[in-house]
Amino acid sequence: AVRVPGLDVDNGYLLHLLAGLAVWLPFTDAIGRGVGSLAAYEDFLRKQPMPAEILPAVSVGGSLLVLVIGYGLLLVLCVAQGVGPYMSLVWLPTLVLAQVILTFGLTLLLSMAHFLWRDVGSMVAFGLQLWFYLTPVVYPLSQVPEKFHGWFLLNPVACLVLMVQAVVLHMPVPPGAALALVAWVIILGAGGWWFFRSMKSALGEAL
């Protein structure tokens with residue numbers, strides 16, 4: 001079995017994996033549904049004047065069930081394994097909120113980009129596969145040479161995974177992970193919203 005430093009329990013690797021999947025699965029579920037949401041409902045948008053933001057929002061909303069199940073399973077197994085509960089768990093709702101904002105911002109950006117440039121959808125599918133291996137889900141960060149740890153802060157989902165592992169499992173995180181996550185939530189949340197709003201005129205013309 002893979003040993004996870006800082007997690008000295010029988011199923012430490014399983015808990016580490018679940019913490020990563022609780023972030024990754026809802027994220028990819030929302031992106032997967034959302035990227036084509038505007039293009040798929042093009043006729044509907046033409047006939048029914050409504051805020052176009054609703055379609056990506058529904059995609060993100062549809063992934064919340066996966067999110068609740070993932071975090072619920074993680075917390076139940078932590079208790080069963082005698083890991084925690086730690087005081088740091090009070091930060092978990094904040095991290096879940098950060099996850100939703102980050103996901104919604106990116107879904108807004110990608111859904112509009114795919115509507116305007118139809119190749120984006122296939123690029124996203126490939127990009128997500130690569131992104132998965134650049135995120136410490138199936139491997140602990142401790143297995144990566146320390147000189148590369150800083151690079152993970154450039155990956156918003158990795159920042160989120162590392163912070164969830166920290167607050168739920170008390171695993172160590174690279175310095176600056178929390179600040180990097182805050183920065184990513186602002187950049188992707190606000191940036192996605194801004195891009196979507198600024199391109200709505202192009203969407204209107206296309207419809």
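The questions below concern the aromatic pairs and the cavity of a predicted model.

Me: What makes the rings of Trp-24 and Trp-131 an edge-to-face pair?
Reply: A search of the whole structure finds 6 aromatic pairs. In the pair of Trp-24 and Trp-131, the ring centres are 6.4 Å apart and the planes stand at 75°. Rings pair if their centres lie within 6.5 Å, and planes over 60 degrees apart count as edge-to-face, so this pair is edge-to-face.

Me: Which helices does the pair of Trp-24 and Trp-131 link?
Reply: Trp-24 is in helix α1 (residues 12-34) and Trp-131 is in helix α7 (residues 120-133). The two residues are 107 residues apart, so the pair links distant parts of the chain.

Me: Why is the pair of Phe-132 and Tyr-133 called edge-to-face?
Reply: The planes of Phe-132 and Tyr-133 are at 80°, with the ring centres 5.3 Å apart. The cut-off for edge-to-face is over 60 degrees, so the name applies.

Me: How do you know whether Phe-132 is buried or exposed?
Reply: Its relative accessible area is 16%. Buried means under 20%, so Phe-132 is buried. Tyr-133 has 55% relative accessibility; exposed means over 50%, so Tyr-133 counts as exposed.

Me: Why does Trp-24 count as buried?
Reply: Trp-24 has 6% relative accessibility, and the limit for buried is under 20%, so Trp-24 counts as buried.

Me: What lines the largest cavity?
Reply: The lining includes Pro-26, Val-60 and Gln-99. Helix α6 gives the most, with 3 residues. The lining divides into 5 nonpolar, 3 polar and no charged residues.

Terms used
Residues numbered from 1 in each chain as written. Predicted model: local features only at pLDDT ≥ 70, side-chain atom pairs only at ≥ 80, totals over all residues. Heavy atoms only, no water. 1 Å grid on protein atoms, 1.4 Å probe; cavity = no way out; pocket = protein on both sides within 12 Å on 5 of 7 lines; lining within 4 Å. Helix = DSSP H or I, 4+ residues; strand = E, 2+ residues; numbered from the N terminus. Nonpolar A, V, L, I, M, F, W, Y, C, P; charged D, E, K, R; others polar. Phe/Tyr/Trp six-rings, centres within 6.5 Å; stacked < 30°, edge-to-face > 60°. Buried < 20%, exposed > 50% of the residue type's maximum accessible area, 1.4 Å probe, protein only.
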